[in-house]
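Here are my notes on this model. Please read them alongside the coordinates.

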Amino acid sequence: MIVVITKMSVLPKKRLELTQTITSLSGFTRAEKGCAYCELCQNIEDENRLFLLEEWDTQENLMAHLNTEHFSVFLGAMNILAQPYKRTLHTVFHPVGTGEN
């Protein structure tokens with residue numbers, strides 16, 4: 001599985017706009033083949049720090065997602081951030097016998 005973490009610092013006056021945009025796009029992402037999880041989270045100490053957490057089953061499905069129209073809209077929304085976003089991808093595996101699927 002691939003875990004994608006997108007860290008964002010939004011301008012306070014643009015927080016509602018960005019959260020509404022990402023929330024509306026998340027439904028499209030969750031419906032995509034291979035998306036096991038897509039959630040927008042907010043830092044409890046700084047409400048202007050947001051995190052988009054995604055979990056994908058394969059690199060191919062993640063790459064297909066990155067070529068969708070709604071992902072392009074997401075990237076366009078990143079223009080209202082206080083600073084550039086940071087996106088990390090982590091490949092996770094569960095060793096045999098751990099009880100994880």
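1. Alanine 82 is partly exposed, with a relative accessible area of 47%. The classes are buried under 20% relative accessible area, exposed over 50%, and partly exposed in between (1.4 Å probe, protein chains only). Alanine 82 sits in the loop between H3 and strand S4 (86-91). Helices (H or I, at least four residues) and strands (E, at least two) are DSSP runs, numbered from the N terminus.

2. A word on the basis. This is a predicted model: local features need pLDDT of at least 70, side-chain atom pairs count only at pLDDT 80 or more, and totals for chains, interfaces and linings use all residues. Residues are numbered from 1 along each chain as its sequence is written, and side-chain values use heavy atoms, with hydrogens and water left out.

3. What does alanine 82 touch, not counting residues up to four places away in sequence? The partners are Ser9, Val10 and Leu11. Contact here means heavy atoms within 4.5 Å.

4. Asparagine 48 occupies the loop between strand S2 (35-42) and strand S3 (49-56). Asparagine 48 is buried, at a relative accessible area of 15%. Its side chain makes a polar contact of 2.4 Å with the side chain of arginine 15. Such a contact is a pair of N or O atoms within 3.5 Å; within protein, one must be able to donate a hydrogen and the other to accept it, and residues adjacent in sequence count only if both atoms are side-chain atoms. Leaving aside neighbours within four places in sequence, asparagine 48 is in contact with Met8, Ser9, Val10, Leu11, Pro12 and Arg15.

5. Asparagine 61 belongs to helix H2 (residues 59-66). Asparagine 61 is buried, with a relative accessible area of 12%. Residues up to four places away in sequence aside, asparagine 61 touches Lys33, Gly34 and Trp56.

6. Now the helix pair. The axes of H1 (residues 15-30) and H3 (residues 69-77) come within 10 Å and cross at roughly 165 degrees. Axes are lines fitted to C-alpha atoms, for helices over the stretch in contact, and angles run from 0 to 180 degrees between N-to-C directions. H1 is therefore roughly antiparallel to H3 (angles over 145 degrees).

7. From H1, Leu18, Thr21, Ile22, Leu25, Phe28 and Thr29 meet His70, Val73, Phe74 and Ala77 in H3. The residues of this contact divide into seven nonpolar, three polar and no charged. Ala, Val, Leu, Ile, Met, Phe, Trp, Tyr, Cys and Pro count as nonpolar, Asp, Glu, Lys and Arg as charged, and the others, Gly among them, as polar.

Key
Angles under 35 degrees count as roughly parallel, over 145 as roughly antiparallel, 65 to 115 as roughly perpendicular and the rest as oblique.
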